[in-house]
Amino acid sequence: MSALLRTDAGTLRAELCTDEREFAALGPAWERLYRRCAAATPFQSHAWLHSWWMSYGNPGQLRLVLVRDGGELRAAAPLMRVGRVLPRLVPLGGAISDYGDVLLDDEHADRAVPALAEALSAAARTALIDLREVRPGGAAERVYAYWRGPRRRVGDSLCLELPAVPMEELAARLPGAKARRARAHLRKLTALGVTRRTAPPDEVGAALRRLLALHRLQWQGRGVTAEHLRERFAAHLVRAAVALVRSGDAVVTEFLLDGEVVAVDLTLLSPRLAGCYLYGVHPRLRERKADIAVMLLDAGTRHAVSGERCTLSLLRGDEPYKRRWRPDPVVNQRLLLARRRTAPLMSVVICEVAARARARSLVRGWKERRGGRT
């Protein structure tokens, strides 16, 4: 069901959608709004969010804050209510989504921002609005700037980003010896006979199942993100990616050696960036001394340089193989919005964030001290 929310937005009408069937039916209108929001990433698309809800959503939690202008959506905040002791409205998409954000129609943002902010305040009631993983420059920053109640901004996850330039230019950013090694690794991939193909939409589902099987194989016996091995994740990824590929918001690349698929990569595409989301690689490639990072990055740069994208995002995580390319560190933001009566909840979250940061610092220091022992 949907409930009207009172705002002072003139001709704009705000509503709160809590019905899963209505969420499904929003697809076409959501898609039009998504295309009119330059800051949006595929993690804010209806294809990704509705698929995520089908795999991970719980009845009674859905909270979609919508701002309409006649029949068109001018703003949307895809949220759900969580927590009993600490009630919060958090973005749909959860931990498997690298960016969280709201959607704003860029041409109508001057009206849509106040309307969405007021609607969010009305929808929150006794809950804190906790917007996680907002990329700098995200649409939610405009809502944060307008917010009239208590608010706080803290750092969230680290993402590493490269400029959207051809592989040769990325290699040129490295010191001389490392640049020469990167070029040598590219030549070796050619000498090995590694080729690539883009999976057409009707083959994406099967390609992603291969990706997940290879991902499981490459991490066998080592630490792996447990969620990537679960069927609910596989179902979501296949559903979402098939739709995203059809709409031009994702590309699936298969790598072949001796006619056999030995690696599969999923890259998400938006107007501003290409994001390297997930890949799977057969150990056979490493046995042949192929540089996997070079192979994947070479493919990623080809997707990034198409269109007007300015960024190739390696998404969240600070792994050493990413650092070798001298990427720029970009910290996602956590935007906390409260009403006066929910300000104490914000204080609790701030204390939790500080405590976790302190704990991580202590663990890092302990590991560094142990590593220094002889």
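Student: If Ala, Val, Leu, Ile, Met, Phe, Trp, Tyr, Cys and Pro count as nonpolar, Asp, Glu, Lys and Arg as charged, and the others, Gly among them, as polar, how do the residues of the lining of the largest cavity divide?

Tutor: The lining of the largest cavity has 4 nonpolar, 4 polar and 2 charged residues. Please note that this is a predicted model, in which local features need pLDDT of at least 70, side-chain atom pairs count only at pLDDT 80 or more, and totals for chains, interfaces and linings use all residues. Residues are numbered from 1 along each chain as its sequence is written, and side-chain values use heavy atoms, with hydrogens and water left out.

Student: Which residues line the largest cavity?

Tutor: Its lining consists of Ala39, Ala40, Thr41, Arg135, Pro136, Gly137, Gly138, Ser270, Arg272 and Leu273. A cavity here is a set of points on a 1 Å grid over the protein atoms alone where a 1.4 Å probe fits but cannot get out, and lining residues have an atom within 4 Å of a point.

Student: How much space lies in there, and how many cavities does the search find?

Tutor: The largest cavity holds about 60 Å³ of space. Searching the whole structure gives 3 cavities of 30 Å³ or more; a volume is the space filled by probe spheres set on the points, which are joined across faces, edges and corners.

Student: What about the largest pocket's volume?

Tutor: The largest pocket has a volume of about 860 Å³. A pocket is an open set of points with protein on both sides within 12 Å along at least five of seven lines. This pocket is lined by 35 residues, of which His228, Tyr277, Leu278, Glu319 and Tyr321 are the closest to its centre. Its lining is made up of 17 nonpolar, 9 polar and 9 charged residues.

Student: What is Tyr277 in contact with?

Tutor: Leaving aside neighbours within four places in sequence, the contacts of Tyr277 include Phe43, Trp48, Asp98, Leu266 and Leu315. Contact means heavy atoms within 4.5 Å.

Student: Is Asp98 buried or exposed?

Tutor: Asp98 is buried, at a relative accessible area of 6%, where buried means under 20% and exposed over 50%, with partly exposed in between (1.4 Å probe, protein chains only).

Student: What does the side chain of Asp98 reach?

Tutor: The Asp98 side chain reaches the backbone nitrogen of Arg316 at 3.1 Å. With neighbours within four places in sequence left aside, Asp98 is in contact with Phe43, Glu133, Tyr277, Leu315, Arg316 and Asn332.

How values were computed. Nonpolar A, V, L, I, M, F, W, Y, C, P; charged D, E, K, R; others polar. Polar contact = N/O pair within 3.5 Å; in protein donor to acceptor, adjacent residues only side chain to side chain.
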